[in-house]
Amino acid sequence: MFESSLEEDKILAEKVLSGIMPHIGNSLRIGITGVPGVGKSTFIESFGKYLTSLGKRIAVLAIDPSSQKTKGSILGDKTRMEALAHDPLAYIRPSATGATLGGVSNKTREVMLLCEAAGFEIIIIETVGVGQSETAVKSMVDFFLLLMLSGAGDELQGMKKGIMEMADLIVINKADGDNKLASKKAQKEYQNALHLFPPSDSEWQPRVTTCSAIEKEGLKEIWDLIEGFKHTTKKNRYFQTNRQRQNLHWMQEVIKQELEAHFLRHPQVSANLPELERQVLAGDIPATNAAKALLSIYKGEQEG
Ligand SMILES: Nc1nc2c(ncn2[C@@H]2O[C@H](COP(=O)(O)OP(=O)(O)OP(=O)(O)O)[C@@H](O)[C@H]2O)c(=O)[nH]1
Ligand SMILES: [Mg+2]
């Protein structure tokens, strides 16, 4: 129902959201990202099984902005996370495809709240590290974990700088076999690089650790670090204020999305849009003027 775009479902979903308000807020929300092939699915399977072995109930949700192109690597994850998918303490939900990133991430956020109300203690939100989806995930989680590889080229690491700055923890995956030494070396390098970033107001110093998702090594250390983060940020109240800020952010996001949708549904706006787009493409009219023209058609209707 929450993923539905039917108007009656949306109305019911709003009622449900109000109803569950007293029951949300009691989970730890973890965002996990990394480039395709870094081992996100394998890691979530191993880490998830480790958490359920501690008796914790976990929900795994996914935002996949690339799914339209690649037919959704995440959507195949339910089969890749076989053991976790069959674990009675775990729930796995791939995101709906075909919507805009804003729409998908907003729904993911609402499903996260539903899972929280249903008593899941740890919510993992996975996204592919290819662009804006990290920012969306960062703005709905408490803790942001970036998976990396030791051997990645310099240009790739440069590209990841923005994402590295968002990370509370960098995990160098595939630290097994021949890769073990290189991973330890990369760990030191990344740790040094992180020291150069300005300190976050969470007072948490981001860490770098290694793991092997396949050999299930390093998982306890990762969980200990996450618990350390939770302890620090609950004590200095960053945890709570961060969530308050995130709620405001999402209120503004929904306003933006709804306004845009309303604008694009306007009959005269949609009638004039293709022609104005053509003129902007041809360089016949400045982009700003085209936008203003459409907005005054829209506003004229609203006021008149
Ligand atoms: N040696 C080694 N291989 C791993 C490890 N974790 C994952 N792999 C392998 O790396 C490949 C990619 O793993 P996935 O878990 O599918 O990676 P992903 O990040 O989910 O990839 P996408 O869903 O395409 O974004 C698979 O062949 C895994 O078996 C690890 O810890 N060690
Ligand atoms: Mg995957």
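**Entry 1: lysine 49 and its partner.** I looked up lysine 49 and found that this residue is partly exposed, with a relative accessible area of 32%. My cut-offs: buried is under 20% relative accessible area, exposed is over 50%, and partly exposed is in between, using a 1.4 Å probe and protein chains only. The side chain of lysine 49 meets that of aspartate 87 in a salt bridge, at 2.9 Å from N to O. I count a salt bridge when a side-chain nitrogen of Lys or Arg is within 4 Å of a carboxyl oxygen of Asp or Glu. The pair links distant parts of the chain, 38 residues apart: lysine 49 sits in helix 2 (residues 40-53), and aspartate 87 in the loop between helix 5 (82-85) and strand 3 (90-93). Helices (H or I, at least four residues) and strands (E, at least two) are DSSP runs, numbered from the N terminus. Aspartate 87 is buried, at 8% relative accessible area.

**Entry 2: ground rules.** I noted that this is a predicted model, where local features need pLDDT of at least 70 and side-chain atom pairs count only at pLDDT 80 or more, while totals for chains, interfaces and linings use all residues. Residues are numbered from 1 along each chain as its sequence is written, chains are lettered from A and ligands numbered from 1 in the order in which they are written, and side-chain values use heavy atoms, leaving out hydrogens and water.

Entry 3: I searched the whole structure and got 10 salt bridges. One of them joins glutamate 116 and arginine 29, at 2.7 Å from N to O. Glutamate 116 is in helix 6 (residues 101-117) and arginine 29 in strand 1 (residues 28-34), so this pair ties together parts 87 residues apart in sequence. Glutamate 116 counts as buried at 3% relative accessibility, and arginine 29 is buried too, at 7%.

I also checked arginine 278 and glutamate 275, which form a salt bridge at 3.1 Å, N to O. Both lie in helix 13 (residues 267-282), three residues apart, about one turn of the helix. Arginine 278 is partly exposed at 44%, and glutamate 275 is partly exposed at 36%.

**Entry 4: back to helix 2.** Which residues of helix 2 meet helix 11? I found Phe43, Ser46, Phe47, Tyr50 and Leu51 there, meeting partners that include Trp223 and Ile226 (contact means heavy atoms within 4.5 Å).
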